[in-house]
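This report looks at one protein model, taking a strand and its partners, then a helix residue, then a pocket.

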Amino acid sequence: MTQLAENLDKLEGAIAYACRRAGRPRTEVELMAVSKTYPASTIAEAAGLGLALFGENRVQEFASKSSELGPKRETTEWHLIGHLQSNKALRAADLFDGIDSIDSLRLAERLNEAASKLGKRLPVLLEVKLSPEETKAGLDPGSAEAVQLLERLPDLAHIQARGLMTIAPWGVPDDVTRACFRSLRTWRDRWAAAHPRLNLEVLSMGMSGDFPIAIEEGATRIRIGTALFGKRAPYTGPPE
């Protein structure tokens with residue numbers, strides 16, 4: 001058994017245990033393998049182990065990997081989970097199967113235009129900022145921008161809202177992390193009631209260090225990198 005296979009086996013055990021503690025079936029929680037900075041060979045091994053959903057942070061990085069994946073690219077689903085500049089909307093819409101980091105009406109409109117040109121309907125998540133860290137991207141849920149985006153989304157025919165995504169603050173006590181995840185669920189429920197034309201079923205929250213808490217608070221998708229692939233090397237590719 002390879003190290004990656006061992007890591008996946010341990011991870012699946014931990015996810016199953018967290019689901020049991022939360023009184024939820026394992027099938028309610030989707031595992032996204034966050035493969036940023038890892039080579040195509042590692043990703044191909046992960047796909048061979050049955051992983052089918054992957055997240056990448058950078059358009060340029062995935063563009064170079066995509067051509068190396070060969071047939072594995074067609075049997076796997078790829079989402080952009082990092083910040084996206086609106087001027088790269090067309091490239092991202094072409095490369096990825098979903099964009100999980102919508103944080104403005106302008107970006108949503110640009111992606112809608114791009115998807116229209118490509119003849120596709122692109123699934124998207126809204127990235128919600130629920131921590132005070134300045135380095136974190138995301139939509140302020142109480143802002144006028146959020147109101148405008150939610151009102152406009154149903155009319156953007158080439159993107160399809162699927163839910164919300166957030167990143168908990170780093171290095172904080174568990175109760176702060178839990179409050180962040182619970183807040184995302186609360187905003188989802190509030191917005192779903194106010195905007196019945198939107199599908200907001202997905203709650204993407206929880207990473208290697210905090211996914212058990214996220215599962216307890218209702219996560220339907222967890223994003224795992226280090227616990228699966230091991231320590232990540234710094235990104236050394238071209239700037240975004």
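## Strand S1 and its partners

In this predicted model, strand S1 pairs with strand S2 (residues 53-56) in the parallel sense, over two bridges. Within S2, Phe54 is the bridge partner of Ala33. To get from S1 to S2 the chain passes through helix H2 (residues 40-48), and this β-α-β crossover is right-handed.

S1 also pairs with strand S8, again in the parallel sense. Ala33 has a bridge partner in S8 as well, namely Ile224. The two pairings are set out below.

| S2 | 53-56 | parallel | two | Phe54 |

S1 itself spans residues 30-34 and is mostly covered, with four of its five residues buried.

## Thr177 in helix H8

Helix H8 covers residues 174-194 and contains Thr177. Is Thr177 buried or exposed? Its relative accessibility is 5%. Buried means under 20%, so Thr177 counts as buried. Apart from neighbours within four places in sequence, Thr177 is in contact with Ala168, Val172, Asp210 and Ile213.

## The largest pocket

The volume of the largest pocket is about 740 Å³. Its lining is made up of 30 residues, and those nearest the centre are Lys36, Ile167, Trp170, Met207 and Arg223. Sorted by class, the lining has 11 nonpolar, 10 polar and nine charged residues.

Definitions and conventions. Residues numbered from 1 in each chain as written. Predicted model: local features only at pLDDT ≥ 70, side-chain atom pairs only at ≥ 80, totals over all residues. Heavy atoms only, no water. 1 Å grid on protein atoms, 1.4 Å probe; cavity = no way out; pocket = protein on both sides within 12 Å on 5 of 7 lines; lining within 4 Å. Points joined across faces, edges and corners; volume = space filled by probe spheres on them. Nonpolar A, V, L, I, M, F, W, Y, C, P; charged D, E, K, R; others polar. Buried < 20%, exposed > 50% of the residue type's maximum accessible area, 1.4 Å probe, protein only. Pairing = 2+ DSSP bridges. Right-handed = clockwise from strand over helix to strand, strands pointing away. Contact = heavy atoms within 4.5 Å.
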